[in-house]
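Dear colleague,

I am handing over the structure that you will find just below, with its sequence. Please have it open while you read the notes that come after it.

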Amino acid sequence: MIQFQHIGVLGAGAWGIALANVAARGGARVSLWARDPAAVTAMAVSRESRRLPGFRLDDRVVPTSSIAEAVAADAVLLAVPAQESRGVATLAAAVRAGTPVIASAKGIERGTRKFMTEVVAECLPQAVPAILSGPGFAEDVARGLPTAVTLAALDETVAQALARTVSSPTFRPYRSTDVRGVEIGGAAKNVLAIAAGIVAGRKLGTGALAALTTRGFAELARFGRAFGARSETLTGLSGLGDLILTCLSPQSRNFSLGLALGQGRTVEEARREGGLAEGMFTASVLAEMANERGVEMPIANAVAAMLDGRMGVDAAIESLLTRPLRAEV
């Protein structure tokens, strides 16, 4: 039986801290890496982080500014935003051959159009790429509120062992070998959540929000099928489950970004107020990839056009409402 007794977590943001505590609760020794030595010292002394205030680091979590120490682990969690994943993965070059490296960002890299496990495979060819995604917020996970996610690796045995390692009574990872399907759900739902926030910000009503979420899922599913995702993955936790959560909660930075846009803020104002929203960077890439494959994604296209300054909010809403009548597919 594969066992991972030492987990390295790269990134001490809110999600990294939450995942570090999850792994520690499962009995693993955890090395939590951050770039800033001063921040590491502060965490080691206070057992808290300003990125997730009010939540204590588990005693088994050891903050470190040595990435060599973190990647000497049996498995590594890459807990940084999608557009930063390549840079941090490159720093982790000393990871041992055969070590699972689990990406947790929900996005597609701009420029290369690569999914997170592809970035890991390119930067760390000796590693075993995996992906963790699903409906959960860092604060809820840190609080110990019940959360279920999907953890995927191409090797079923590895996926099972990783899921067992990061499981706890309140954090349940379901395993999968559909790596691409899990990644597509996480990336696409962030873009669609921006649209949902716009609907809420414009006060278009719960019926419109329900319609947007439903049609958004149809887009996610079409895109997923075009890129080889399995249907059961798209309708599972990392697809439909994450979409529902993100399209209905102001806790989501993507929903909050859309909410601000719907209330009349500019893109720059919305970004400053809401912090990092992964969908902001994924929208144009998602739309480009869909258009190249002939996948119809009008909502995602409208979000990309708004964020790129090619269309205003009202024009985008009108473009969706005046689309030709057709059968529901």
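The model is predicted, so local features are given where pLDDT is at least 70 and side-chain atom pairs count only at pLDDT 80 or more, whereas totals for chains, interfaces and linings use all residues. Residues are numbered from 1 along each chain as its sequence is written, and side-chain values use heavy atoms, with hydrogens and water left out.

To begin with the sheet, eight strands form an open, mixed arrangement in the order E3-E2-E1-E4-E5-E6-E7-E8. Helices (H or I, at least four residues) and strands (E, at least two) are DSSP runs numbered from the N terminus, and two strands are taken to pair if DSSP finds at least two bridges between them. E3 and E8 stand at the edges with a single partner strand each, so one side of each has no neighbour in the sheet. From one strand to the next the twist averages 25°; for this and the angles below, axes are lines fitted to C-alpha atoms, for helices over the stretch in contact, and angles run from 0 to 180 degrees between N-to-C directions.

Helix H1 (residues 14–25) packs on the sheet, where it touches E1, E2, E3, E4, E6 and E8, and its direction makes about 170° with that of E2; contact here means heavy atoms within 4.5 Å. Helix H5 (residues 116–123) lies across E4, E5 and E6 and runs at about 155° to E6.

At the E8 end, strand E7 (residues 147–153) and strand E8 (residues 171–176) pair in the parallel sense over six bridges, and Thr150 has Tyr174 in E8 as its bridge partner. Together with helix H7 (residues 156–165), these two strands make a right-handed β-α-β unit, right-handed meaning that, with the strands pointing away from the viewer, the path from the first strand over the helix to the second runs clockwise.

Buried means under 20% relative accessible area, exposed over 50%, and partly exposed in between (1.4 Å probe, protein chains only). Not counting residues up to four places away in sequence, Pro63 touches Leu32, Val40, Met43, Ala44, Arg47 and Leu57.

Ser49, in the loop between helix H2 (37–46) and E3, is also buried, at 9% relative accessibility. Its side chain reaches the backbone nitrogen of Arg51 at 3.0 Å, and, leaving aside neighbours within four places in sequence, Ser49 is in contact with Ala12, Ile17 and Met43.

Two further helices complete these notes. Helix H8 (residues 179–201) has 23 residues and reaches 34 Å from its first C-alpha to its last, close to the 33 Å expected at 1.5 Å a residue, the expected span being 1.5 Å times one less than the number of residues. Of the 23 residues of H8, 21 are buried, and the helix is followed by Lys203, whose phi is positive, near 55°. Asn291, in helix H14 (residues 278–292), counts as partly exposed at 48% relative accessibility.

With best regards

Key: A polar contact is a pair of N or O atoms within 3.5 Å; within protein, one must be able to donate a hydrogen and the other to accept it, and residues adjacent in sequence count only if both atoms are side-chain atoms.
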